[in-house]
Amino acid sequence: MKRVKVGLLGCGTVGGGVVRLLRQNGDVIRRRTGIDLSITSILVRDPMKERPDVDDDLVTTDPRHVVSNGCDIVVEAIGGIAEARAFIGEAIERGKHVATANKSLLALCGAGLFDAAAKRQVRIGYEASVCGALPIIRILRSGLAAQRVTSLRGVLNGTSNFILTLAGEERMSFDDALAIAQSKGFAEADPSLDVDGVDAAQKLKILAELAFGTEIDFDDIEVQGIRGIDSAAFERAAAHGQVIRHVATATRGCGGIRLSVVPEFLPASDPLARARYEENCVVIDTDAAGEMSFYGKGAGSLPTASALLADVIELART
Ligand SMILES: NC(=O)c1ccc[n+]([C@@H]2O[C@H](COP(=O)([O-])OP(=O)(O)OC[C@H]3O[C@@H](n4cnc5c(N)ncnc54)[C@H](OP(=O)(O)O)[C@@H]3O)[C@@H](O)[C@H]2O)c1
């Protein structure tokens, strides 16, 4: 049995999910992979907060303690930019592999972090940064490695899809639907990132860079949010047998790569129309196999934790 120690940065929705899922499925992981994962310490901001699943002795407010406490791999689930970048940078400097769920950080400073990791010969896993439990990064990176991607469309934000589903199917107001999404733990701390399309655009950048093998400038993505969609639009969609989805699209044509995140009216037969509530969907078109659709829980505690632990297991194998 290979014993691997994990330093955990953050114990909120996602970090708490890592603790719970490891407790729930640690035996499955050991049986399947021969890897025994344990958490050495957990960074939080408020050590007095109630955390029923967490061993108090592991909790610290000192990021250095987490990164240097004999761990082999660091999991980043604090979110934000400056501190997350500093803590990940320190982990890399100390020669630790990193798994992160932080798409904002990757969209803004991924290139620098990946360079630093390459120099120290460590790796950064980021499956959890896009589409939660759905292993779309692995699909693009390895499953489709022999195929040329011509286009990629997706419903990439669970919160905006949840709101659009409730508004379309139950005529619920925007604010009520957002409040439910927040109570279920899959809205970003700042929900404007979700509903204004920034979160989906950050994920689209990550996916498009993998799909097309080139760096994407975030400012080249056309972004429109869902706040302005009124009830008449949902009535109109229903009258025509359509649904409204917040669609992220990346296509490669003779004019280059075009990228957008915009609300669209879709026929019920469109694969993206079938993604309901917090579900995500990615439809990939390739030269060798045509269209393929992938569905899954795109956010939330355990789905996102499952992607982080999948990365940890992959990193532990190397
Ligand atoms: N929520 C989702 O469904 C989801 C899905 C995919 C990806 N993500 C990404 O996962 C990351 C975490 O999201 P989340 O929803 O889990 O956030 P969250 O619930 O707000 O949890 C953040 C955790 O990090 C701790 N923390 C934050 N800043 C800190 C600092 N400077 N020093 C020490 N501890 C700090 C907080 O401590 P306290 O507990 O003491 O406040 C909390 O435990 C984000 O990058 C987000 O984009 C989230």
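1. In this predicted model, R227 has a relative accessibility of 48% and therefore counts as partly exposed, since the exposed class begins only over 50%. Its salt-bridge partner is D196, with 2.7 Å from N to O. D196 is also partly exposed, at a relative accessible area of 28%.

2. The R227–D196 pair links distant parts of the chain, 31 residues apart. R227 sits in the loop between β8 (221-223) and α10 (231-239), while D196 sits in the loop between α8 (192-195) and α9 (198-212).

3. A second salt bridge joins the side chains of R20 and D53, at 3.6 Å from N to O. R20 belongs to helix α1 (residues 13-33) and D53 to the loop between β2 (35-43) and β3 (59-60), so this contact ties together parts that are 33 residues apart in sequence. R20 has a relative accessible area of 32% and is partly exposed; D53, at 28% relative accessibility, is partly exposed as well.

4. R138 lies in helix α5 (residues 136-143) and E127 in the loop between β6 (124-125) and α5, so the pair connects parts that are 11 residues apart in sequence.

5. R138 and E127 also belong to a network of salt bridges that share partners. Its members are R123, E127, R138, R141, D311 and E314. In total, the structure holds 17 salt bridges.

6. On overall charge, the protein chain carries 36 positive and 42 negative side chains. The centres of these two sets lie 6 Å apart.

7. On overall dimensions, the radius of gyration is 20 Å, which agrees with the value near 20 Å for a compact globule of 318 residues. Along the principal axes, the C-alpha atoms fill a box of roughly 60 × 45 × 35 Å.

8. The secondary structure consists of 11 helices and 12 strands. Of the contacts between residues at least 6 apart in sequence, 70% join residues at least 24 apart.

9. As for burial and surface, 51% of the 318 residues count as buried. The chain exposes about 14,400 Å², of which carbon and sulfur atoms supply 48%.

How values were computed
Residues numbered from 1 in each chain as written. Predicted model: local features only at pLDDT ≥ 70, side-chain atom pairs only at ≥ 80, totals over all residues. Heavy atoms only, no water. Helix = DSSP H or I, 4+ residues; strand = E, 2+ residues; numbered from the N terminus. Rg over C-alpha atoms; globule rule 2.2 N^0.38 Å. Buried < 20%, exposed > 50% of the residue type's maximum accessible area, 1.4 Å probe, protein only. Contact = heavy atoms within 4.5 Å. Areas by Shrake-Rupley, 256 points an atom, 1.4 Å probe, with all protein chains shown as cover. Lys, Arg positive; Asp, Glu negative; His and termini not counted. Charge placed at Lys NZ, Arg CZ, Asp CG, Glu CD. Salt bridge = Lys/Arg side-chain N within 4 Å of Asp/Glu carboxyl O.
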